[in-house]
Amino acid sequence: MRTIIFGGLGVIAETSEIHRAAFNRALSEIGLPWEWSQAEYQKMLNSPGGKNRLTEFLVNQDPKLVNYAEIVHTLKSRFYLQALSEQTIEPRTGLVNLFSRLETKEVRFAIASTTSLENIYGLLDACNIPLNQFAVIASKTDVEQPKPAPDIYDYVLSELCAIQSNCVAIEDSASGVIAAVAAGVTCYAMPGLNTANQDYSEAEKILIDYTELD
């Protein structure tokens, strides 16, 4: 059975600016004197993992600030989920139609994200996409190594009892593409608003939206 694996939540909906706003609100809440501009945030996204990026940023400002990373990230997650709960998010163009189009064609869908399960559920709810649309939903709690390690893809393939040649991955970050390819899965890149300048040379093709996916 063929499977489409959504690797990052950014390929389901464009939420990068919601993430940035949540980070800035968390930094302000703690009293830290920084507000990340969009240009700064785009550079930071070259390093995978929101908490890792935050820790690296704080250490570069002052090594003593490393102890703030956990509390800032916890606040950020709370503010992000709050923002999702207060609005309806539009899925990426063509995604809902893709679900409908392939519903009777023996195509399964899965999520292979190394964010939290709460973030995944929060976004799907905001997009009005039911959880049962996906055969497997994998999150950071399912693996030890985040992307660009292939662990999350290996886990999803195992859960689906799927072989790589029957799967296609969609990723919105360079680290995600690397992870999928390392697991032997053909990967299409669908860059987001703040990841468009990353290196997608390992992707099979760069897509604008799901109307391009046959």
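The mean positions of the 16 positive and 27 negative charges of this protein lie 2 Å apart. Here Lys and Arg count as positive and Asp and Glu as negative, while His and the chain ends are left out; each charge is placed at NZ of Lys, CZ of Arg, CG of Asp or CD of Glu. Keep in mind that this is a predicted model, where local features need pLDDT of at least 70, side-chain atom pairs count only at pLDDT 80 or more, and totals for chains, interfaces and linings use all residues. Residues are numbered from 1 along each chain as its sequence is written, and side-chain values use heavy atoms, without hydrogens and water.

Now for the overall fold. The protein has eight helices and six strands (DSSP runs: H or I of at least four residues for helices, E of at least two for strands, numbered from the N terminus). In sequence order they follow β-α-α-α-α-α-β-α-β-α-β-α-β-β. The C-alpha trace spans about 55 × 35 × 30 Å along its principal axes. Of the 214 residues, 49% are buried, meaning under 20% relative accessible area with a 1.4 Å probe, counting protein chains only.

Let us zoom in on one residue, Q198. You will find Q198 in the loop between strand 5 (186-189) and strand 6 (205-206). Is Q198 buried or exposed? With a relative accessible area of 11%, Q198 is buried. Leaving aside residues up to four places away in sequence, Q198 touches L45, N46, S173 and A174, where touching means heavy atoms within 4.5 Å. A polar atom of the Q198 side chain also lies 2.8 Å from the backbone nitrogen of A174.

How values were computed
Buried means under 20% relative accessible area, exposed over 50%, partly exposed in between (1.4 Å probe, protein chains only). A polar contact is a pair of N or O atoms within 3.5 Å; within protein, one must be able to donate a hydrogen and the other to accept it, and residues adjacent in sequence count only if both atoms are side-chain atoms.
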